Amino acid sequence: MSKVHITLVGGQPAPVYHGIVACQPDYVIYVCSRSDVSKQTADVLREVLNEIPSKCTFLHPTDPLQIKLFAEALASQFKNDDVTVNISSGLKSWSHWFGIVFEKMSNAAVVYIDQNNVLWNYKTMQPSYNVVFDMHKLFMLYGNPLENYTPFSAYTKEDFDAIHTIEACRRNNFTDFNQLTTVLPKGISSQVKNQVQGRYVLPNNESWVSWNKKLLDGMQEVCLCIVNKSRTRCLSERIVSPHAVNLVFSAGWFECKVARILSRWRNAKEIYVNCRFPYKPLLDKNEVDIIINTGAKILFVECKTQIFDTTAIDKFRSVVKGYGGTASKGMFVTDAEMSELAKVKCQEHGILAFSLQDEHEGKSVEEAIAALLDAELYNINAR
């Protein structure tokens, strides 16, 4: 008796993949429509799971008689095998008839993978919580392998100490600090990205920054001179740490600060910072500030000191759904208080909103953000 797995295929590969991994079949039948999305999903799954023999079959999307006869034909073909039927993906018309046909078979079980990566067996009415969750494989299934990132574990005490120094420079003069480290001219931004050493002086000839990416022992150096708002004195600091350049420029310090807060959350199994999804060599398709593997789904975190343009929320929502699937979660974290418009837009998109400046009802920032995530993590997302 062989273990045969019949799986309905729609546009979401994750529940199909997890059903196959959980059931460990000898043979898989992918039931697809002739739409490009369904077929492409099946093709990707067959490539990723190429060690398991499989067949791709096509079925009418809505004709109930064709669907019923197709399900009955499969039930007859595999009546002597141990069959599981995964109805998590695919069309509702298919799920209905495959459930009716295979529910009657003594050798078959209908199964469903929910958004929390739990396998429900509709024959035994029991859940299985031991479905292996592979975040990197999931990114591959959605056509966006995660290849460039910094593991949070790579940050050191010197990096965390540097954040305090960077914040002090920022407080001395927000405008000059931002012009030196965040809102850079295109040519200077390219130099920071591509050159080992460099120096940039603001047009006022008072505030400046220099960098060196290759000191001894894997250290980097950034020197900052920030004149105060009244132009009476300059705060000069030398920052030396393994990630000094990434921390100073493009608000990397804030991303690291948020990642450190999230590292204390009990469901944070893996944390990656400064994640870049490539389009082609030397050109990124999208960037995500922080990605967390919770062991059941992916949490995407966007970090901004302040939201000036709420279209950033729209873009972030598209990344969460397109790169992590419908089960993934997203959270926007700001340093400054978030505007009501931004909060409303996050709510409309199913994105969690959190500001470090909010009042947290007597909780610390770490406790408040953990409570927010614990309350939301296992909720089912709207499609």
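## Ground rules

Local features in this predicted model need pLDDT of at least 70, side-chain atom pairs count only at pLDDT 80 or more, and totals for chains, interfaces and linings use all residues. Numbering runs from 1 along each chain as its sequence is written, and side-chain values rest on heavy atoms, with hydrogens and water left out.

Helices (H or I, at least four residues) and strands (E, at least two) are DSSP runs, numbered from the N terminus.

Val 9 sits in the loop between β1 (3–8) and α1 (13–23). Its relative accessible area is 1%, so Val 9 is buried (buried means under 20% relative accessible area, exposed over 50%, partly exposed in between, with a 1.4 Å probe and protein chains only).

What does Val 9 touch, leaving aside residues up to four places away in sequence? The list runs to Val 16, Tyr 30, Val 31, Cys 32, Ser 38, Thr 41, Ala 42, Ser 89, Gly 90 and Trp 94, where a contact means heavy atoms within 4.5 Å. As for Val 101, it is 92 residues from Val 9 in sequence and 18 Å away in space, C-alpha to C-alpha.

A search of the whole structure turns up one disulfide, meaning a pair of cysteine sulfur atoms within 2.5 Å. The partners are Cys 225 and Cys 234, with sulfur atoms 2.1 Å apart. Cys 225 is buried at 7% relative accessible area, while Cys 234 is partly exposed at 33%.

Cys 23 is in no disulfide; its nearest cysteine sulfur belongs to Cys 32, 17 Å away. Cys 23 counts as buried at 12% relative accessibility. Cys 56 is in no disulfide either, with the sulfur of Cys 32 its nearest at 3.3 Å. At 18% relative accessibility, Cys 56 also counts as buried.

## Helix α3

Helix α3 takes in 14 residues (64–77). At the start of α3, a side-chain oxygen of Asp 63 comes to within 3.0 Å of the backbone nitrogen of Leu 65.

Which residues of α3 are buried? They are Ile 67, Ala 71, Leu 74 and Ala 75. These cover an arc of only 100 degrees around the axis, so they lie on the same side of α3 (the arc is that of the directions from the helix axis to the C-beta atoms). An α-helix has 3.6 residues a turn, so residues three or four places apart point the same way. The buried residues of α3 pack against β1, β2 (27–32) and α4 (92–103). On the face turned away from that buried side, α3 carries the exposed residues Leu 65 and Gln 77.

## Strand β10 and its partners

Strand β10 (residues 208–212) has four of its five residues buried, so it is largely enclosed by the rest of the structure. Strand β9 (residues 197–201) pairs with β10 in the antiparallel sense over five bridges; two strands pair if DSSP finds at least two bridges between them. Tyr 200 has Val 209 as its bridge partner in β10. The β9–β10 hairpin has six residues between the strands, and Asn 205 there takes a positive phi near 60 degrees.

β10 also pairs with strand β11 (residues 220–227), antiparallel over five bridges. Here Ser 210 stands opposite Cys 223 in β11.

Notes. The expected span of a helix is 1.5 Å times one less than its number of residues. A polar contact is a pair of N or O atoms within 3.5 Å; within protein, one must be able to donate a hydrogen and the other to accept it, and residues adjacent in sequence count only if both atoms are side-chain atoms.
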